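Reader: Can we go through chain B together? Show me the model.

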Amino acid sequence: MSTSNVVTSPVEEVIPDKRDKVSFADYLGPVVVFLVFIGVWYLLSTVVLPEQKRFLLPTPHKVIKEGFFVWQSGERRGLQPILMSLWDSAKVALLGLGITIVMGMSLAVLMSSSRWLERATWPYLVAVQSAPVLALTPLIRALIDGTQTQRLLVVVLIAIFPIVSNTLFGLLSADKSQHELFTLQGASKWTRLVKLQFPAALPNIFVGLRISAGLAVIGAVVGDFYFRQGGVVGIGAQIDVYRNRLWGPELITAIILASALGLVVFLFFGWVSRRAIGKWHIINRGH
Amino acid sequence: MSEAPASTSALLSFNNVSMTFDDGTKALDNVSFGINAGEFVTVVGPSGCGKSTLLRIASNLEANTGGTCSIDRNSIGYVFQDATLMPWRTVARNVELIAELHKLPKADRHQLAAEAIELVGLSGFEDKYPRQLSGGMRMRASLARSLVMKPKVFLFDEPFGALDEITRERLNDELLRLFQHEGFAGLFITHSITEAVYMSTKVLVMSARPGKIIAEFDVPFAYPRNHDLRYEPEFGELCGKISHALRGAHQ
């Protein structure tokens with residue numbers, strides 16, 4: 001290649017990265033909201049609730065003292081049994097989420113490849129999404145053996161919809177001209193899926209993953225409520241016991257930790273998403 | 001003139017090609033012309049006259065309903081209206097894409113992509129993602145991607161239509177340099193008469209739908225062409241004639 005024919009470098013400039021640096025103000029927001037939350041809590045448990053009902057919502061310092069700072073008291077009270085049951089639920093939520101991801105994404109791939117299948121499946125997916133899983137518990141118990149399997153099924157039922165819908169939407173989001181580029185090279189369906197549709201779908205897949213991860217935790221807690229056996233129980237079952245015995249501090253502690261588990265999985269998938277696609281995909285905040 | 005059968009030695013030839021879409025819209029009516037090696041032919045015409053349909057038929061994205069179109073389909077470069085880069089691939093990986101789809105070994109792909117990137121003046125930008133590039137640079141990357149397989153015929157579907165005028169003129173010059181250097185034959189679609197005359201060896205004027213070739217102009221200026229050619233009287237005169245033909249095409 002003769003260098004005389006090599007064109008000069010373009011004068012157009014590379015577009016600078018406008019991604020904001022995280023500033024002090026970005027941390028201030030959550031702290032302010034947290035303080036407001038604690039304030040409202042104190043207000044509810046010391047002023048708003050009538051005196052004889054205050055046991056329902058113990059003050060924050062009482063929760064910390066009796067819920068978080070008691071390691072173990074009796075068989076069920078204290079932080080240790082709460083963490084044990086939280087771990088049990090976390091395992092169900094994560095395994096269930098794994099199954100959900102595999103099933104949901106496979107289903108989305110099939111649906112994206114066949115319009116007929118998409119139309120045939122879609123209404124039932126929406127139905128599963130809106131069906132009250134609680135009402136199905138007797139049926140699940142009658143059809144499936146083993147509490148572990150029953151709990152996993154509840155997780156899948158509750159968490160699968162966002163994965164399927166977001167993955168499908170993403171797989172169908174590639175431009176017509178990008179598809180034509182592949183058509184011109186005689187690319188196979190598989191090549192198109194792997195090199196065009198799947199990478200194009202990644203931003204949507206991660207949105208689905210974050211939503212489904214939160215739902216999987218909810219699914220695991222709900223599953224604990226209805227499907228339990230002796231020995232180690234999930235956090236949902238633990239919450240049910242505290243609720244029945246009116247153990248306020250333990251109840252609130254268990255609820256906070258269950259929410260924290262949801263938050264952790266949500267943040268984890270946000271982090272994975274930034275690692276995987278942050279270099280080329282920027283969420284447009286509109287300013 | 002437009003009814004004359006195209007030469008059989010042409011790299012690309014349309015013979016009485018007609019196109020009627022499923023909904024009954026007649027897009028092309030008896031279009032015949034040929035493009036030989038070393039020719040750069042531009043089609044101008046009113047919007048919606050079926051100019052782009054010509055390229056879609058030539059590349060087999062659409063099947064013509066009448067006549068024949070002959071071309072070596074294994075040796076086509078197609079440049080779309082937008083750059084159609086994959087946002088998740090860097091410039092280098094985008095430029096490699098077509099070679100990758102043709103299953104070339106990795107080392108060859110890298111080598112060919114590096115050459116093409118140098119040819120379009122994107123050296124130093126290999127690791128940038130498309131969102132970091134300006135519109136003109138994206139189009140250069142898109143050109144490089146098509147250059148990798150060294151096609152004999154290049155089809156351009158209004159590739160610079162969305163760019164500002166300065167960038168468009170720069171890219172016109174660079175595309176002409178590539179045309180001379182690589183020796184491909186070009187079929188270019190635009191609605192800018194100046195661009196058509198500046199680039200081409202021949203300009204075809206198409207009528208409003210259904211598209212027909214209603215006039216054909218040979219462009220006499222020698223290559224390499226200089227930017228200032230646009231301000232020569234002969235250049236203006238030719239543009240004027242094409243403009244008149246186009247006015248007729250709108251009626």
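Author: Start with B:P210, which sits in the loop between β8 (202-206) and β9 of chain B. Strands are DSSP runs of E, at least two residues, and helices are runs of H or I, at least four, numbered from the N terminus. This is a predicted model: local features need pLDDT of at least 70, side-chain atom pairs pLDDT 80 or more, while totals for chains, interfaces and linings use all residues. Residues are numbered from 1 along each chain as written, chains are lettered from A and ligands numbered from 1 in written order, and side-chain values use heavy atoms, without hydrogens and water.

Reader: What joins B:R209 and B:P210?

Author: A cis peptide bond, with omega about 0 degrees. The bond from B:Y223 to B:P224 is cis too, omega near -5 degrees. B:P224 is in the loop between β9 and α7.

Reader: Switching topic. Which way does phi go at B:E158, positive or negative?

Author: Positive, near 45 degrees. Most residues other than glycine have a negative phi. B:E158 lies in the loop between β6 (153-157) and α5 (165-182).

Reader: Buried or exposed, B:E158?

Author: Buried, because its relative accessibility is 15%. The cut-offs are under 20% for buried, over 50% for exposed and partly exposed in between (1.4 Å probe, protein chains only).

Reader: And where is B:N30?

Author: In strand β2 (residues 26-35). B:N30 also has a positive phi, about 50 degrees. B:N30 is partly exposed at 32%.

Reader: What does B:D218 touch?

Author: B:T201, B:K202 and B:L238, leaving out residues up to four places away in sequence. Contact means heavy atoms within 4.5 Å. B:D218 is in strand β9 (residues 213-218) and is exposed, at 56%.
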